Amino acid sequence: MSKLALIIKREYLAKVRNKSFVIMTFLSPVLMVGMIVLIAYLTKINDNDIKTIGVLNESPYFTNKFESNGSISYIDFRGVGLESAKDSIVNIGFYGLLYIPDAADMEAAASASYFYTQDAPGSSIIDALETVFTKQLRQQRLQDLGVSVADFDRVDHNFDINTATFAGQQNLKGLNEIKAIIGGAFGYLIMMFIIIYGGFVMRSVIEEKTSRIIEVIISSVKPFQLMLGKIIGTSLAGITQFAIWIFSATILLGVVIAVFGIDPSALNSGAENAPGFSGAAAYASTADSTMQLYANELFKIPWAMLIGFFMVYFILGYFIYSSIYAAIGAAVDNETDTQQFIFPIILPLMLAIYVGFFSVFNNPHGPIAVGFSLFPLTSPIVMLMRLPGGIGEGGVPIWQVITSIGLLIGTFIGIVWLAAKIYRVGILMYGKKPTYKELFKWLRY
Amino acid sequence: MDNILVARGVSKQFGKHIALNKVSLEIPKNSIYGLLGPNGAGKTTLIRIINQITYPDQGSVFFDGKPLEDKHVAMIGYLPEERGLYKSMKVGEQALYLAQLKGLSKTEAKARLKYWFDRLDIGDWWHKKVQELSKGMAQKIQFIVTVLHQPKLLIFDEPFSGFDPINANIIKDEILQLRDNGTSIIFSTHRMESVEELCDYIALIHRSEKILDGKLTDIKQAYKNNIFKVGLGLKNVNGLLEDLQDNFQILDSEYIEDGQQLNFTVQLPSSDTGGLLAKLSGKGNLNNFTETIPSTNDIFIQTIQNKNLHE
């Protein structure tokens, strides 16, 4: 076995056998799924709670306009006074009482209406009541202007505009956002991986320094080999962790679906039909075929290309950052000294995430999105957010992809070279915490 | 080639600090070579250059007659002064790993480790974690790992620090054994007294420069100054001391055992002891007649003083 392979193997095993790694690996999916189940459960409880509202309507208006639905149930009160109605509501334990007094016209009746509750009412209830009032009042005002109820019903429809590209393909609203979210998920994954596993690399370097084994090792192997082996071994451990997560999360999700009786075919029907569905065929108006269109669009996202580029950007980005982490670990004696050096690393990552989410969402091919997807320290994240839109016509221009990867490779070589120099000197330096000036000096040793 | 390692005009500079200034050394095969000097003199820098951990700014190093290159690391065993082990790794696993990094195959390393673990009586440590071991125990593991790949050249930097006297002796015997089996050894220390019984050759490094090197016996010969210690069992001889004082430079004298024994130290003008012995013959039983040889420490101090004088 080559020395590099030996180092990779040791680093991998050291990480994977670590108790906290094992615990985190197996606990995280359980926690995640547990959280999802808890949220679903709590939401269900909340939804099941139907609020009952008494309606005391003394006016001739609004009769039968308050219709019970899934979350609110209206009970009509008749022939009782306001005070006794209030008392009964409190005694029965209803949510509230809507009181509409008699008045000369609908406007006056509405203005004089009151909604009584034990505590301040929830905003969804208020909204529901106000919607009914608003609709009736608007209808009344239009009638006053000579528009009949039938005419009003014809007018009162929401309108959705149809959109299409010049090539004639139907566009779907929100698709850019969906694509950016998919890209964003990839970008976010890269950021988390860099921060977590870069930190592991750094701690591993510090451990070798503090345990004083470093000089024994580098009398057998080149410092660069050790650094490289460490980075690769740690990242393989990380990939193992992700693989276990994806695998166990899938199984757990299956269990959850089975237990809670969610019908998976309902969720997947769109996707299943998608392959046989022609996107250009339908200027569909029903909700169902719109869903089909979305599914079709998602299906048309170039997943193979996306995953391919994810791997390229992930590997280059991870190596750039983790070699900086290794250099930091080499420069200091303990973890508390690392803070001042880590902040400048995290900064471009955070910037990439936030700029990515704000600018790529609105304008995936605008100047800011382009700039950040070319700049090598942010491109692994920002470019991945743009790529779900495709490459070439209508997507990211090919020259940008090539430039971005070219810059990334150049930076990768430069940064790894610099980091290796700092690492080589730093691992043999003990004692004081170095300044940036000293790090710069080390480059020339 | 009878030198395992030759350094020619090796210089190394860190920023403004000169760590080594044109140091040249010749380390003969099959010997123990003491690299001596106070802390910070440049010993460790020189050793790191030999191990190709750092590289010289100027000068060159030859290993077994050839310019130093990558493959030579497998022929060198290095026990650094700053040494340690992975704390959470098991002893056996860790020793195997370090041996494999030196180029041994796994089976070969395992067999040799078993031999050494039995030899140093630590066979039952194989599955222990390093953090369970005492400092001295960990040092034994480090020693084994250093010599395991049977290097042509062994470099020990302060090998005895961290050992109790018993284990230090065991390790010392092992080092001598390795030398007798044909290994060349560089032994770096700032504690001069440990040098005497081990080293065949020494070099003194002081303030980044080599100020003295050669065979230890030759150096001692060169630095001895004809001072002899004499113990004489007297046979009722009066006036002997006065007579001696007239003819020789007596540095120090005393009578012990009620005047039955005279001990004195004498400075002779040359290494010729014939005159003194003639004078003493018939005056009593010569119990003790030894030449005082300067300790390495004395030589070191004297050399530095001479050097400072000349500067």
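Reply: This is a predicted model, and the part to begin with is Lys172(B), which is placed in helix 5 (residues 165-180) of chain B. With a relative accessible area of 15%, Lys172(B) counts as buried, because the limit for that term is under 20%. The side chain of Lys172(B) makes a polar contact with the side chain of Glu197(B), at 3.1 Å. Leaving aside residues up to four places away in sequence, Lys172(B) touches Phe160(B) and Leu198(B) as well as Glu197(B).

From there one can turn to a sheet of chain B, which is open and has six strands in the order 6-7-8-3-9-10, with mixed pairing. Its edges are strand 6 (76-79) and strand 10 (209-215) of chain B, and since each has a single partner strand, one side of each is left without a neighbour in the sheet. From one strand to the next, the twist averages 15°. Within this order, strand 3 (residues 32-36) and strand 9 (residues 201-206) of chain B pair in the parallel sense over four bridges, and Leu35(B) has Ala203(B) in strand 9 as its bridge partner.

Two helices of chain B pack on the sheet, and they can be taken in turn. Helix 1 (residues 43-50) of chain B touches strand 3, strand 6, strand 7 (153-157), strand 8 (184-189) and strand 9, and its direction makes about 150° with that of strand 7. Helix 6 (residues 216-223) of chain B touches strand 9 and strand 10, with its direction at about 105° to that of strand 10.

As for annotation, an unreviewed UniProt entry lists residues 5-232 of chain B under "domain: ABC transporter". In the model, that span is 31% helix and 30% strand, and its end C-alpha atoms lie 48 Å apart.

Phe314(A) and Tyr318(A) both lie in helix 12 (residues 303-331) of chain A, four residues apart, which is about one turn of the helix. Phe314(A) is buried, with a relative accessible area of 8%, and Tyr318(A) is also buried, with a value of 1%. The rings of Phe319(A) and Phe412(A) have their centres 6.0 Å apart and their planes at 75°, so this pair is edge-to-face. Because Phe319(A) lies in helix 12 and Phe412(A) in helix 16 (residues 398-426) of chain A, the pair ties together parts that are 93 residues apart in sequence. These residues, Phe314(A), Tyr318(A), Phe319(A) and Phe412(A), are among the members of one aromatic cluster, which also includes Phe186(A) and Phe310(A).

Conventions: Residues numbered from 1 in each chain as written. Chains lettered and ligands numbered in written order. Predicted model: local features only at pLDDT ≥ 70, side-chain atom pairs only at ≥ 80, totals over all residues. Heavy atoms only, no water. Buried < 20%, exposed > 50% of the residue type's maximum accessible area, 1.4 Å probe, protein only. Polar contact = N/O pair within 3.5 Å; in protein donor to acceptor, adjacent residues only side chain to side chain. Contact = heavy atoms within 4.5 Å. Pairing = 2+ DSSP bridges. Axes fitted to C-alpha atoms, helices over the stretch in contact; angles between N-to-C directions. UniProt positions renumbered as here; feature names shortened; annotations may be inferred. Phe/Tyr/Trp six-rings, centres within 6.5 Å; stacked < 30°, edge-to-face > 60°.
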